[in-house]
Amino acid sequence: MVIRHELPEANWPSAEEAAQALLFQPMQLGPLAIRRRSWVPAMVPWRATEDGFVSAANLDWYGRFARGKPGVLVVEATGIRDIPSGPLLRIGHNRFIPGLAQLVDRVREESSGETKLLIQVLDFLRIRRRPKKADYFSRFMALDKERMAEISDRRPDLANQDEAGLRAALSQLSDAELEEVLSPREFESYSRGYRETINDLDLPEVAELPRTLPKLFADAAERAKQAGFDGIELHYAHAYTMASFLSRLNRRDDGYGGSRAARIRLPLEVYQAVRSRVGKDYCLGCRILGDEVIAGGSRIDDACFYGSELAAAGMDFISVSKGGKFEDAKQPKVGEAVYPYTGPSGLECMPTVRSDELGPFGRNVALATRIRSSIRALGLTTPVVTAGGIGSFELAESILQEEKADLVAAARQSLADPDWFLKAELGCGDQVRRCIYTNYCEGLDQKHKTVSCQLWDRDFAAPGKFLLSADGKRRLTAPEWPNKAED
Ligand SMILES: Cc1cc2nc3c(=O)[nH]c(=O)nc-3n(C[C@H](O)[C@H](O)[C@H](O)COP(=O)(O)O)c2cc1C
Ligand code: SF4
């Protein structure tokens, strides 16, 4: 049953109380000293240039978060390959370094050096938009003699035609009929768009991933270090390549799939390659899933094993997320690509106020706690980061006080009000613009539109200039604090 949850009342600390709070105490992330235990996790804002370079809008976006002085700010998922990927940041070539270095400078300047800046680096596999029916059957579907014979066996009424005839006949069938005739993979490519998976060992580039990825990640990490980032977060979560290796749905039979030990082999090899490139004095951690949420996917027991192995290998932190997978995502419209945050697993990743009895607030903390306990049981002190519906000081502080996690990440609350951690620390919590957790921002991300928060638009008529969306209807920057004219 869907329950619409109210935002709980927030009791904010005085400046004196905040000074005692664990949230605002320093700690170490391996070799990296951080000023506070507050964390803004990776969020893609769709602001890079079409070629993947840092844009002026990116500088403003990260500079704005930095002014709120979180202990750690993580730059959005940034692609490690030198391939076109639209307005998403890239780090797959040295030409991206100068722009990224500017971003580092901007964050340092705006936070007066108080925020440490990490970059999340990721690899993703090929994905195509959902094709028009006619295009799929006339152009995209692979149809050799053997496949034609198989289809004719299943549907004798379609036999005795040449290839063009069969293609035309298939394009006339209903979806229900096609689901019967096509293989599950063909039906998926037709109805949702073609998506490469790590199980496609017949594709040479997929078979080679264990040989290619360690170097690609290590090269990217070296560039990040050169650009001046304080550390790296390896993206081992959500719908992307490394999370797919960790998934129980990984069926590779090349020593990198099947058992848990084999599934974690590549993530460990990537870690080792990156570590040997950046050295032990550089902060290197990862983000993993506490639960994939999808049918047949990895669960918390798997995640405890992964967290322990990765911590034992030497990760400087483990950040825990949940869900966000392609497998259960909604069918995209024709011409759009499947988006991994639209299904049940996506909702678990970014929970909304329309939820079950558990509600969205701190919903995923228990996963981080379980992983943390497994790591502690090994005698390791690796810090664990939790995220998911954390938007009040009390909740954040209680998580730390009760040792459920070591750092608290807030994505949407920090988007709604990039100053919120600072306001709480200064005893100005009553001025926090509180996230309402209805996912307007996520809807923009889904449409690949520049991400903004609906609450910013309440200050649409505020004095001064601020960036507007292309249609002139949305603010693209958060209102300033203390209230002042923006320039
Ligand atoms: C617009 C948007 C973009 C996101 N992009 C990323 C990303 O690049 N990498 C990532 O690991 N998580 C990403 N996330 C997930 C967040 O980091 C976070 O885990 C999730 O929103 C739950 O935290 P919250 O409840 O504090 O928002 C994104 C979330 C939002 C709202
Ligand atoms: S758009 Fe909605 S869910 Fe997103 S940050 Fe703003 S208030 Fe929160």
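**View 1. Strands β5 and β6 pair in the parallel sense.** In this predicted model, six bridges link β5 (residues 72–79) to β6. One contact to look for is Val 75, whose bridge partner in β6 is Ile 119.

**View 2. Strand β7 runs parallel to β6.** Four bridges join β6 to β7 (residues 231–235). Ile 119 has Ile 232 as its bridge partner in β7. Ile 119 is also the bridge partner of Val 75.

**View 3. Strand β6 is mostly covered.** The strand spans residues 116–122, and seven of its seven residues are buried. In a regular strand, side chains alternate between the two faces of the sheet. Here Lys 116, Leu 118, Gln 120 and Leu 122 point one way. Leu 117, Ile 119 and Val 121 point the other way. Both sets are buried, Lys 116 and Gln 120 included.

**View 4. A shell of 13 residues lies around ligand 2.** Arg 412, Cys 435, Tyr 440, Cys 441 and Cys 453 come nearest. Helices α18 (412–416) and α20 (440–446) are the elements that give two or more residues to this shell. The largest share, three residues, comes from α18. By class, the shell has nine nonpolar, three polar and one charged residues.

**View 5. The protein chain is divided into three domains: domain 1, domain 2 and domain 3.** Domain 1 takes in 3–127 + 202–451. Domain 2 covers 133–192, and domain 3 covers 454–487. Taken over C-alpha atoms, the centres of domain 2 and domain 3 are 52 Å apart.

Technical notes: Residues are numbered from 1 along each chain as its sequence is written. Chains are lettered from A and ligands numbered from 1 in the order in which they are written. This is a predicted model: local features need pLDDT of at least 70, side-chain atom pairs count only at pLDDT 80 or more; totals for chains, interfaces and linings use all residues. A residue is near a molecule or strand if its C-beta atom, placed from the backbone, lies within 6 Å of it. Ala, Val, Leu, Ile, Met, Phe, Trp, Tyr, Cys and Pro count as nonpolar, Asp, Glu, Lys and Arg as charged, and the others, Gly among them, as polar. Domain bounds come from an automatic or database domain assignment. A residue is buried if 20 or more other C-beta atoms lie within 10 Å of its own, exposed if 12 or fewer, and partly exposed in between; C-beta atoms are placed from the backbone. Two strands pair if DSSP finds at least two bridges between them.
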